[in-house]
Amino acid sequence: MVVSPWQLPLVTETVAALPGTRFVLDHAGKPPIASGDLSTWRTNLARLAELPNVAVKLSGLVTEADRAAWTQADLTPVLGHALTCFGADRAMAGSDWPVCLLAADYGAVRATLDPVLSRLDASGRAAVLGGTAAHWYLTGG
């Protein structure tokens, strides 16, 4: 599901009301990276992550930052928070290709994950880079 940050409390209510349904939050809930005010997003994302029937896709973040001048320093705290909240077993990498091309090529987008992936062990990295998606989508989450 693609939602705006202000919708995260509503999403949390919906996900909580449907515990037998799995959800994947796309683009980490579209954090307002360009504005720099992430406090409400951080709180609401953490609340959503408390529910076991939702996972997060780490994608589409370069287009939420300043598309012409984003840096890794803009994205790492966002990616780190999402990964901390959901854990490797409920986080999956994504590129948002071709939309990401508005701000970066695929290789640059993929490389944005490296700082947070380096914090994980090999099984955690494998989960985020494909295992979580395969498990969540193919085997029932």
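Trainee: In which loop is Trp-97 found?

Mentor: This is a predicted model. Trp-97 is found in the loop between S3 and helix H4 (106-111).

Trainee: Is Trp-97 buried or exposed?

Mentor: Exposed means over 50% relative accessible area. Trp-97 counts as exposed because its relative accessibility is 55%. Together with Leu-101 and Tyr-106, Trp-97 makes a nonpolar surface patch of about 370 Å².

Trainee: Is Asp-26 buried or exposed?

Mentor: Buried means under 20% relative accessible area. With a value of 15%, Asp-26 is therefore buried. Asp-26 lies in the loop between S1 and helix H2 (39-49). Leaving out residues up to four places away in sequence, Asp-26 touches Met-1, Val-2, Lys-57 and Ser-59.

Trainee: Which residues touch the most other members of the largest nonpolar core?

Mentor: Among 40 residues, they are Leu-25, Leu-48, Val-54, Leu-58, Val-62, Leu-75 and Val-128. The largest share of this core, seven residues, comes from H3. Beyond its neighbours within four places in sequence, Leu-25 has contacts that include Met-1, Leu-8, Leu-48 and Val-54.

Trainee: Where is the kink in helix H6 centred?

Mentor: A bend is read as an angle between axes fitted on either side of a residue. In H6 (residues 122-138), the kink is about 65° and is centred on Val-128. Val-128 is also buried, as are Gly-124, Ala-127, Thr-132 and Trp-136.

Trainee: What covers the buried residues of H6?

Mentor: The cover includes strands S1 (23-25), S2 (54-58) and S3 (91-93), together with helices H3 (72-86) and H5 (114-117).

Terms used. Residues are numbered from 1 along each chain as its sequence is written. This is a predicted model: local features need pLDDT of at least 70, side-chain atom pairs count only at pLDDT 80 or more; totals for chains, interfaces and linings use all residues. Side-chain values use heavy atoms; hydrogens and water are left out. The bend at a residue is the angle between axes fitted to the seven residues ending there and the seven starting there. Helices (H or I, at least four residues) and strands (E, at least two) are DSSP runs, numbered from the N terminus. Buried means under 20% relative accessible area, exposed over 50%, partly exposed in between (1.4 Å probe, protein chains only). Contact means heavy atoms within 4.5 Å. Patches are made of residues with over 30% relative accessible area and no salt bridge: like charges are joined within 9 Å, nonpolar side chains (Val, Leu, Ile, Met, Phe, Trp, Tyr) within 5 Å. Accessible areas come from the Shrake-Rupley method with a 1.4 Å probe; for residues, only the protein chains shown count as cover. A salt bridge is a side-chain nitrogen of Lys or Arg within 4 Å of a carboxyl oxygen of Asp or Glu. A nonpolar core is a set of buried Ala, Val, Leu, Ile, Met, Phe, Trp, Tyr and Cys residues joined through side-chain atoms within 4.5 Å.
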